[in-house]
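Let's take a walk through this model together, one element at a time. Keep the 3D view open and turn it as you read.

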Amino acid sequence: MASRRLRAFKRWMKSQGIEYSDTLEFIDCPDQGISVRTLSDLHEGDVVANIPKTACLTIKTSGAREMIESASLDGLLGLSVALMYEKSLDQDSPWAGYLQLLPPQECLPLVWTLGEVDSLLPGTELHKAIKEDKTLMYEDWKENILPLIYSASQSLDPSSFSVEEYFAARSLISSRSFMIDEYHGSGMVPLADLFNHKTGAEDVHFTSVSPNQEYEDDVDSENSDKNELSKISDYDETASTSSENSYIHSDSDLLSMPGEDPMMLQMIMVREVKSGDEVFNTYGSLGNAALLHRYGFTEPNNPFDIVNIDLELVLKWGCSLFSSRHCRSRLSLWRRLYLSGSTSEDSEYFEISFDGEPEMELLSLLYIMLLPDDTCHKLDITICTADKVNGNIGMILSEKHDITWDTSSKISKELLLTEKVCDALLALADIRESCYGSNSIDEDMEALKRSCMKERKLYHSLVLRTSERRILEKLRTYATAGALRSRTFQNANKTSTRRKRLKKH
């Protein structure tokens, strides 16, 4: 039997013209929230829901539209004000039947206390990011929302627009909002936000294809950024505009296709789901750091997990072996070879993949750091006189400095994995590991086994920590194997050289 809040939500959907298939069953679990399963087999192409855009909560549909637009607020900041405004109306809001289904806030690190962030996330990819988010969003609230509260032209309840309510609204928007279209922008889409995520397992596709238009199989289930409607990410951008780096894309061309109802959204099955099974959406090919950051959960053994090694840590390693002058000059040389690593707004970093494999850029930097001075000097001169470098360090070194590399346009990672470079990777793995604090990975694993999903903050932070630390273990394995291959290759070369000399005699 459906819970009281689900029954209220179903009545509200009917009043708003939201239609959904009788095969969909909504399960309300106190511990895990709401999920959707099917009561009979669903097939690819089945339309399971029609959602009018007027039923979506956006800046354009909210009763706060005039206030928001008068204050020149837009994007996720404007949507936050719209959500807080409708929540402040309680039962008088046109979305009351929908809003009563939502939690006060999602359990994202954004709404954790600073003490929880420091104790649960040290060393992870999120620790610094969450603190920056909190600072930036507080500034957004202070500069844009606080003036609304005290505006003579507005009669707002300050408690409904407090900084705590703003952070809560942002957590709901991060985990539940969708890009609807160019006119509406991002918005809360009732019913669509009830489907849980499963990596690489998209069952249902959100689109604005009309009922009369033949459904085309244009869905890449491994990459939801192909969808017209995909889950939204709001923490990689400033609060006032939608993220340009988000994997949500609204294909405005689809909205003007002949025969389409531009005011209707649809949910269409993209693969078969058996009776009794849960129906999943996918929010994208995201690692656990991104999932916890934006949606408040993690997945064990997530194949999209990565670990970043900041340039700062590489320089720390370098300065333990060489002078700071040596490190700066080698870094400069590396940059002149167009071998820049991944960058964010204020840092450079190198990704280590789920399999423990480092980026080519990191291997190149370590290789250059370890070059003999005379070879490095010759390389510097070569770069100064070369017409075009284009990052082709393999060509330069092999032609100019008698280094036995293939002179093809691409450098093989195997050729960069000298024994010294592999030792450097091992050292970097240890430095990066130390960021997690005094607990060993075995202790984290034991703590994870003892924890449970009810302790959401502890459980998901431990999943993130252990998944990242496993990647560092794989990096060590990768480096150890690389060093062994390098020694084997060197020994084989020495043996070959001795044989050639004996033949001459």
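Bear in mind as you look that this is a predicted model. Residues 127-149 make up α6, 23 residues in total. From its first C-alpha to its last, α6 reaches 32 Å, close to the 33 Å expected at 1.5 Å a residue. Follow α6 along and you will find a kink of about 35°, centred on Lys142.

Next, turn to two single residues in other elements. Thr38 sits in strand β3 (residues 33-38), and it counts as buried because its relative accessibility is 0%. Leaving aside residues up to four places away in sequence, Thr38 touches Thr23, Val273, Lys274, Ser275, Gly276, Asp277 and Val279. Val421, for its part, belongs to helix α15 (residues 419-434). With a relative accessibility of 1%, Val421 is buried. Beyond residues up to four places away in sequence, Val421 is in contact with Leu363, Leu366, Tyr367, Leu370 and Leu416. Leu362 is 59 residues from Val421 along the chain, and the C-alpha atoms of the two are 9.9 Å apart.

Now for the charged pairs. How many salt bridges does the count come to? The total is 21. One of them joins Arg37 to Glu25, with 2.6 Å between the closest N and O atoms. Arg37 lies in strand β3 and Glu25 in strand β2 (residues 24-29), so this pair ties together parts twelve residues apart in sequence. Both partners are partly exposed, Arg37 at 34% and Glu25 at 24%.

In helix α2, Arg65 and Glu69 lie four residues apart, about one turn of the helix, and their closest N and O atoms are 3.2 Å apart in a salt bridge. An α-helix has 3.6 residues a turn, so residues three or four places apart point the same way. Glu446 and Lys449 are three residues apart in helix α16 (residues 441-450), and therefore about one helical turn separates them. Their salt bridge has its closest N and O atoms 3.7 Å apart. Glu446 is partly exposed at 40%, whereas Lys449 is exposed at 63%. Finally, look for Asp430, Glu433, Asp444, Arg465, Arg469 and Arg476, which salt bridges with shared partners join into one network.

Conventions
Residues are numbered from 1 along each chain as its sequence is written. This is a predicted model: local features need pLDDT of at least 70, side-chain atom pairs count only at pLDDT 80 or more; totals for chains, interfaces and linings use all residues. Side-chain values use heavy atoms; hydrogens and water are left out. Helices (H or I, at least four residues) and strands (E, at least two) are DSSP runs, numbered from the N terminus. The expected span of a helix is 1.5 Å times one less than its number of residues. The bend at a residue is the angle between axes fitted to the seven residues ending there and the seven starting there. Buried means under 20% relative accessible area, exposed over 50%, partly exposed in between (1.4 Å probe, protein chains only). Contact means heavy atoms within 4.5 Å. A salt bridge is a side-chain nitrogen of Lys or Arg within 4 Å of a carboxyl oxygen of Asp or Glu.
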